[in-house]
Structure formats: C-alpha cells, structure tokens
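Please read the points below with the model open beside you, and check each one against what you see.

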Amino acid sequence: MRVTRRHFMSGAAGLAVAGTAPLGLSRPARAASGTIAVWKFGGTPREVEFWAKQNEVFLKANPDVKLEYSYFNGQMRRQKMQAALQTGQIPDVIVGFGQDVPELATFKAIQPLNDLAGDKLAGWQERIVPQILTNGNFDGKLYGLPVYVDMAPFLAYNIDALKEADFDGPPRTWSELRDYAKKLTKPDRPGFAFPATTAPGDINIFESVAYMNGGRVYDPATGKVTLDDRGVVDALQFYVDLVKDLSTPSAASMAETNFRDTAQLFAQGRVAMWIAFSWLNTPWGTPETLNWTGAPFPRPDKPSGGQAPVNALMDSSAILFISASTQNPEAALSYVDFWSQNEQLLMWDGDPEYSRIPAAKAAWDTPELAQKWPSWVEAYKGGTLFAGAEPIPRFVGVTQVETALGAAIQEAILERKSPEQALADAAAAAQQQIDLLK
Amino acid sequence: MILPVVFAVVGFVLGPAYDVFRLSFTRFIMGQEVAFGTLVNFKTLLADPMFLQVLRNTAIWILGGTLGCVVLGLALATFLAIESRVTTVLRALILLPWILPDVVTAMAWKWMLHGQVGIVGQTLQALGITERPMSFLGDPNFVMWVLVAVVIWRKVPLITLVLTAAIRNVPSELIEASRIDGANRWETFRYIVMPQIAFPFTAVTVISMIWMTAEFTLPWVMTGGGPANSSQIMSTYIYQQSFEFFNWGVASAMSVVNLLCLAALVTLYLTVMRRSWSRKE
Amino acid sequence: MTREPIATTLFALCAGVIALYITFPILWLILASFKPASELARLPATILPDEFTLGAYRDLLTAGTQSSQLLDWRRLIANSFFISVTSTVIVVVLASIAGYAFARIPFPGRDLILGGLLVSRMFQGAVLLLPTYRLMVFLGLHDSPWALILIYSAFGLPFATWIITAGLREIPMELEEAAMVDGASRLQTMIRVILPLAVPSLVTAALWHFVGSWAEFAFASILLESPEKKTVTLGLVNFVDYFTLEFNRVGAAAGLVALPILVIFFFGQRYFTRGLLQGAVKG
C-alpha cells in the first residue's frame, strides 16, 4: 500500500513541490535517496534488456535510491501519458519520445532541466553532440536528455540489383530515383518501396521527404497547419509519381505495408530499394547473403517549398524527462545524469541490434562505429552529418497533423484524391482538431 | 440476493459510464477540464467532416458483424446440434478463436491477409481465384468487409454454443410430430425450431450488437482506421480522439452518441422481435 | 437408407470445413512456431514445416537468451492465474446467488433488472478506460491485481448471471418443491438439489469468464505498471511487439499463453458436453 499512499501524496503535494523545485538548488548537494518511479516506452529488444541491466548498475551506485521501473511497449505511450495527465500520477522520470516534449511541457507534466540540473548541465553539454541535445529543447529551455536519435530519410539499396542494371552508385536526385526505380523494376521485384500505413513511423518518413523539399507541416508562429504547403504537396506528388510509374508494389499493398514489413521485403530481395530511417533494416534481421548498403536519400531536383530545405529529421525515441511534480528531484536528476554518462551512452555504437545514431561524442571515435557505419563517421568528422538536420516536427497537436497527413498520403497514392486536394482537406481537418485543444 | 451483482455493475460499470456522460458536457482546454455545462463537444462532432464516414463504416461494422455472427452462428449451431462424436469434438474446438488475446488474433490475421506475404492471398492465387495476391487490408473498397469477416470468426463461438444448446433443448417429440405431419427439414426448422429458440436467438443478437459496438482492438491493430480512413469506426475514432489527440471532451460526446445509437438499435430490434416471443407463448 | 452414404459424406465435408475454418488461423500460428525464421521468409509459404525446429520455444523459455530475459513467463502466468481464478470464483458465486433469485423468487421488476444488467454491457469499450483508471486511483487500487479482479468481475457478472439464470430456469420446480416438502430448508435445497443440476451452466459461465479474464488486454495495460504484477497477456503483447515479423516466436509465445486455457478446456469439456446433453435429454 506504500505505493498507493505515495501516489496519493504526490497528487496533493504536486503543485507545492513543483513550485519549490528551483529552491532545491540552494540546498547543499547530498547523495540522492528515496523512491523514484520510471516509465520507459518502446525500444528494440536489446535496448530494453540493456536498460533494465543498467538500472541495476544505477542502484549499486545509489544504494539509497529505490527504483520503481516500468516498461511499456511504444504503442501504450499516449494512452499511459493521458492517464497520467488526467490523474496526476506522473512518474518521476519518463523515458519518452522527442515528439512528446511540447505537449508534456505545455500540460506542465515535466519541468525544465536548466536550473534543476545545475552543474550537471555542463557535463551533458560536454558529452552529448550539441545537435542531438537540441532534441530536448522547447520554448528556449531544455526539457529532456536524449540518449540517441534516428535520422530520416535514408535509402537502402541492393548493390547487386543496381549492378545488374548498370548503375555504379546510388541515385542523387528525385528524378534519378524515379529513373533508377523504373529500370530496376522486374515483374516480381519492384524497384522501390515506401511504407504507407497509418503507423507513425511511416508518416515520419514521408515528413522527412517533405521537409527536404522545403515543406513544413505546421507554422508555430501563427498556429496554422500548413500541410497544403507547396513543398509537402510536391513531395506527395513524388510518391504518387513513383506509384504511377509502376516502379513500386501496388498502392493498396503499400497502404498495408509498414516500415518493418518494407524492411522485410527488402531483406528478402523482393524490392531493390527502400526509404527508411537511419536504422534501415537492421533490427529486423537482414540475411548475410544480401549485398546491400545505405546512403543519404536523393535530394529534390529543385526544392519547391517555402522554407529552407532540411537535410534530415532527427527523431529521439529515448529521451529522459523529469516530472514537474516529482517529490524527489535529486534522485530523479541523478538517474537522468546516470544515463548521460558514456558508460551508458556508448552502448549505442551503431550495432544493428540497437540501430541508432549515438548521442555521445565519444562514440564517434570508437572503432565499432567506424567499422559498421564508416560513411556516418566520415560525415560526422566532416561536420556534414548533422548539418541542416532538425528535430522531427513537434508542437502541441502534432499527432493530429500527422494522423491527417497519414490519411492524405493514402488517399493520394490510392488515387482517391489529387495530392493537392488530399493535403488541403487534411490541413483543414487537422486545423479543426488542433483548435479543439485550445 | 441480487444486490452484490447490482452493486458491482452500478459501481464499476455505470460509475465510469456516468463519468463519460459528465465529461461530454465539459469543456476542455489543453487537456484540462475547465467548465461543465457546454454543448461545444457535440457541436464539434457535428461539424467534423469525418463523422459521416465514421457513421457509415460503423453501420457496416455493426450490422454486417451482427448479421454475420447470428446467421453463421445459427448455421453452425444447426450442424453442431447433430448428435455425433465428431460434433462433440467440434463443439470443443469452436472455442479456439476465443482463447487468444485480441491483439494476437489481430496480428495473426494481419499477417495471413497481407498481400505480399500472407497465406490467404497466396492460396487464392494458387487456386486461380485471383490473378495476383490481393492486399485485403490496403484496399479501401474491401477493408471494412475483411474486418467484419475477421470479427465474425472471433465472435461466433459463443453465439454458436448458445444456439446449439438452445436447438438441442427443443423437445424431440415436437420435431417427430412435425415430421409425421409431413413437414420437410426446412419447414421443421422454420416453424418448429425457430419459434422454440426465439428467445436465446434474440439475446445473442443483442449481445453481438453490443460486442460489435465495443470492439476496438481488432480494427485498431489491423488497420489503424486506414487506408484513407475507410475503416475508421466509432470505437477506433473514439480511441484516437481520446488517447492520441487528448480530446477527451469530444471523445466522450462521441461515446454518448454511440451509446444512444446502440440503444435505439437494440430497442428497435427488441420491439420487432417481441412479436415472435408472444407467438411462442 | 439409400441416402445414407451421401448424407455421411456431406456430414464429413461440413465437419471438415467447419474444423478448418475454426482452427486454421491458430493452427497456422502453431505451425509457424515450428519453422525456422528462414523458412518463414520463403515464398510461397510452406504449409507443414520443412525443417522442424523447437528453436522458438527454446528461445522463449531458456534463461539467458535475449527474449526470455525480457519476460518472466512463469510469473506472468502465475499473476494471470491469480487474477482470472479469483475473479471467476467471485463471478460464479455472486452470479449463482443472483441467478437463483432471478430464477426462483418472484419480485417486482425482476425481468427488467435482469435485462438491465445484460444491457449494462453497452457501457464498455475504450472510452471506459480512463474513467475506470480514475476510479481505481481514487480507490487506491491502481497497479494492483485487485483492480483487475474487480473490473473483470463487474464486467463478467451480467452475462454469467444470465447464463446461470437460464440454466436454473430449466430445472423443474417440482424437484425443489419435493425437497422442501421433505423438510429441507431453502438453503439446503439450493445446495443439495439445485447445485448439482446447475453444474453445466455454472461450468459454462466459469469457463467463459475465465477465458475472457485471461485474454483481456486493454484494462490490464492501463491499470498495471510494475513489471512483477503484469499479466501474461501484457507479456505476450510486449513480446509480439518486439518480434512483429518473427512469427515463429510469436506463434510459440501465443501457444504458451493459450496452453493453460486448452488444458482447462480439455478437462472442462466433459462437463460442458454433459451439460449440453443433459439439457437436451431433459427437454
């Protein structure tokens, strides 16, 4: 019953604690103690296993802290957050997604770390790649500590298939991609595939293509949904063109094939190229026999959107937040700081089982990463890997916009509506949904 | 003696249901309740261009699913009521669709129905029924019906068992008598068996309607409302509004509308069916 | 008599089609669990495993392999058993008592209340998740198996009451009256005369409720947090989520979760069938 009482207390005392949190800094530093609840959402099996193992290490180093650790699969995330928000049962530390930052911050569920972290902040800035750390920012403050990111869009291609069609390198532009896809297509093996289900990952992949074209889905300054932006429309037209070229599986097939299924098709040699996040198809087992590699996704021939083209979108699906109502900010902070240490961060070294872009600066000097992803390391050292990269779209109501966008992608590729029409309708629908929140 | 049951239902079913009712008249701002006594949630619902499509899909879902469940259930029950060792085994087997959690059922079906890797498409192609494997869950024209077929598979066991028991309860003298009177099988079924099982038949129909209205996991996991919202039904839309969009007020209003529709449907059905009971009595 | 062979063939054909229809998806998953991943990736799909392997089960159960470290199946199964059995006992006891009242004691509004209970199932689905969560937080029961026991019982009671009431109504009043004339009290009659005859409907209600509780996911997912309290369904869904495309593992895990249910049905089936027969003979 202790748990229950603590939760009850946190409901009653939550506001008071939130108000006094900054004052905690003036207290002399002391070893963290007490109980903290931690919720983690999603992750590859290896990561989930590793996380639980490192929790033991944390407990050894902090013998006075008791950890109530809960893991939930990624699909439970919004549901658990909604339940927590509605009842004030917010765990001390949430390991959530980068896209959650604006909503959690606006609903006052999490607190800025700038003041709370004190002298620890300098250590984070020292150890973590600055562009990756920006994934924790919102409204000029740092709300979360990301431990890795994924980036999109990338292109995975079957080297043998390209050779067979007399291509000696990957396509560089959208028109080249269309050309490659046409030439690579055989009756039982389409040249190219993109995932187009309602899964958020599939929609994020499309967003990265649209942003690359100078498109944006939302304007935070005006609060307007901008799905009908030229850059987005033309990106969708690009998808539609690929389908109409007959260079992809049928539209209906892609509407039921998510990113994992697409990875599987590629691994089985049943498509020659596919678009993905930086994890490409690593977590889902690519046979040794498949001769393949990854490359940056081709660029639009001439970006048509109204905004600056974004080279890549960064998505962090493990980012640590501290609850605004935690009663034990010291222990929560020491837990977050624990995960900012290289001993933890270096686990993401490009290993296919983890399949992430590491956040630790130190990881970029490891032989593991250099061996697995030489092109990443080269780009990082040359200062181009994160150049022009931005955090994935995040604002209050992002789920509404992405849901509408997902439906629009399906409407357009299934030829139920033109890309313009589908996106205009989606923009109107998403705008209505977002305005409801306010 | 009935109090514990009544209390349990009032406390844990009607209590939360009342909460939903209250929230439907509550204005929310940024996910927080701000004021009770507003129709804004219902107005929003009416203005939502998606709502009509959702209603249409839901009609297919509830009516198609209920009809399928009771018709197939009746057919299976008629067969399983035959006395034989084979039917005894089948009566045990028929519970199989019920034993796996919804989520796993949904994943298994999704896998089997997948156009590129699924066994169903592959079999249809091998039998020459379709030219290439079909993308059952990616085609907006089919998806609703495919989902209905899957949900029938999932829900039909109980219906079948209740009806089997009911049919076997029909006094054999009545059937003998009608045979002697020269009735054929169909006539016996129609004029002797059906009136005898009218009550359980009505009950399972109502139960299916309620099940279909509440069922959410199967469509959500299999299609997430797609493609292009063509399989978005009330229950998935309510889930999306509440847990994805955090629009708790609108989701509650939708639930109230959903409940009213269901209540109207059930009342209508019971009114119609009342005649057949009174004929039996 | 000449129609016999045709009828038999037709009968066998119907039986075969029905058996295939009912079992195929589950059979398909179980077959998949015996195939190596490489075989599952091949097209066209094989029906029977070309290369029979128990690898997926070994991965599932052996300590030290990746998949088993994530989930402690024994604990998950024990938790689910505790929740399902407790809830089933509560439901059967309360529903029997209420069912007896509905079947035997005339009181005003009887049918209306019974109908009302059944119709209360209209209030269900995803939208009740959050209000229920709030209620359980209010009662201090969230993240407790008792929250699920209460919820499942409340959800299961109306249907169980209905089945048991229907079963009791089939038992001839005369038997009971005879016992009462012999000087037995109402309680004695209920236990000695009615209960044995009501076993089929009780078993039916119990089995049904047990399976429903065992397989429930939505409420368990929102109400339970601590890993050591989770149910086997939550474990299964997490597992399926990790290995979405590895249907050999998914099949093995699904088989493991379904096994207890199958065992229970194997033993319960006798009563189940006897119950159905009993009804028919008596009718």
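1. Helices (H or I, at least four residues) and strands (E, at least two) are DSSP runs, numbered from the N terminus.

2. Before going further, note that this is a predicted model, in which local features need pLDDT of at least 70 and side-chain atom pairs count only at pLDDT 80 or more, while totals for chains, interfaces and linings use all residues. Residues are numbered from 1 along each chain as its sequence is written, chains are lettered from A and ligands numbered from 1 in the order in which they are written, and side-chain values use heavy atoms, with hydrogens and water left out.

3. How many residues of chain B are in contact with chain A? There are 39 of them, facing 36 residues of chain A, where contact means heavy atoms within 4.5 Å. The size of an interface is often given as the accessible area lost when the parts come together. For chain B and chain A the buried area (the accessible area, with a 1.4 Å probe, that two parts lose on being put together, summed over both) is about 3200 Å², and carbon and sulfur atoms give 52% of that area. On the chain B side, B:Met30, B:Gln116 and B:Phe246 lose the most area to chain A, together 23% of what that side buries. The count of salt bridges between these two chains is zero, a salt bridge being a side-chain nitrogen of Lys or Arg within 4 Å of a carboxyl oxygen of Asp or Glu.

4. Turning to chain C and chain B, 85 residues of chain C are in contact with 76 residues of chain B, and the two chains bury about 7200 Å² between them, with 84% of it on carbon and sulfur atoms. There is one salt bridge between chain C and chain B: C:Arg134 pairs with B:Asp19, their closest N and O atoms being 3.4 Å apart. Three residue pairs are in polar contact between these chains, both residues at pLDDT 80 or more. Several helices of chain C each supply at least two residues of the side touching chain B, including helix 5 (73-104) and helix 13 (247-282), while helix 1 of chain C gives the most, with 14 residues. By class, this side of chain C has 68 nonpolar, 13 polar and four charged residues.

5. Chain C itself has 13 helices and zero strands, and its C-alpha trace spans about 70 × 70 × 30 Å along its principal axes.

6. The structure holds seven cavities of 30 Å³ or more. On a 1 Å grid over the protein atoms alone, a cavity is a set of points where a 1.4 Å probe fits but cannot get out, and lining residues have an atom within 4 Å of a point; grid points are joined across faces, edges and corners, and a volume is the space filled by probe spheres set on the points. The largest cavity has a volume of about 920 Å³ and is lined by 33 residues, of which B:Trp98, B:Trp211, C:Arg121, C:Gln124 and C:Glu216 lie nearest its centre. Helix 10 of chain C gives the most to this lining, with seven residues.

7. A:Thr222 is found in the loop between strand 10 (218-219) and strand 11 (224-225) of chain A. The side chain of A:Thr222 makes a polar contact with the side chain of A:Asp219 (3.2 Å), and also reaches the backbone nitrogen of A:Lys224 at 3.3 Å.

Terms used. On a 1 Å grid over the protein atoms alone, a cavity is a set of points where a 1.4 Å probe fits but cannot get out, and a pocket is an open set with protein on both sides within 12 Å along at least five of seven lines; lining residues have an atom within 4 Å of a point. A polar contact is a pair of N or O atoms within 3.5 Å; within protein, one must be able to donate a hydrogen and the other to accept it, and residues adjacent in sequence count only if both atoms are side-chain atoms. Ala, Val, Leu, Ile, Met, Phe, Trp, Tyr, Cys and Pro count as nonpolar, Asp, Glu, Lys and Arg as charged, and the others, Gly among them, as polar.
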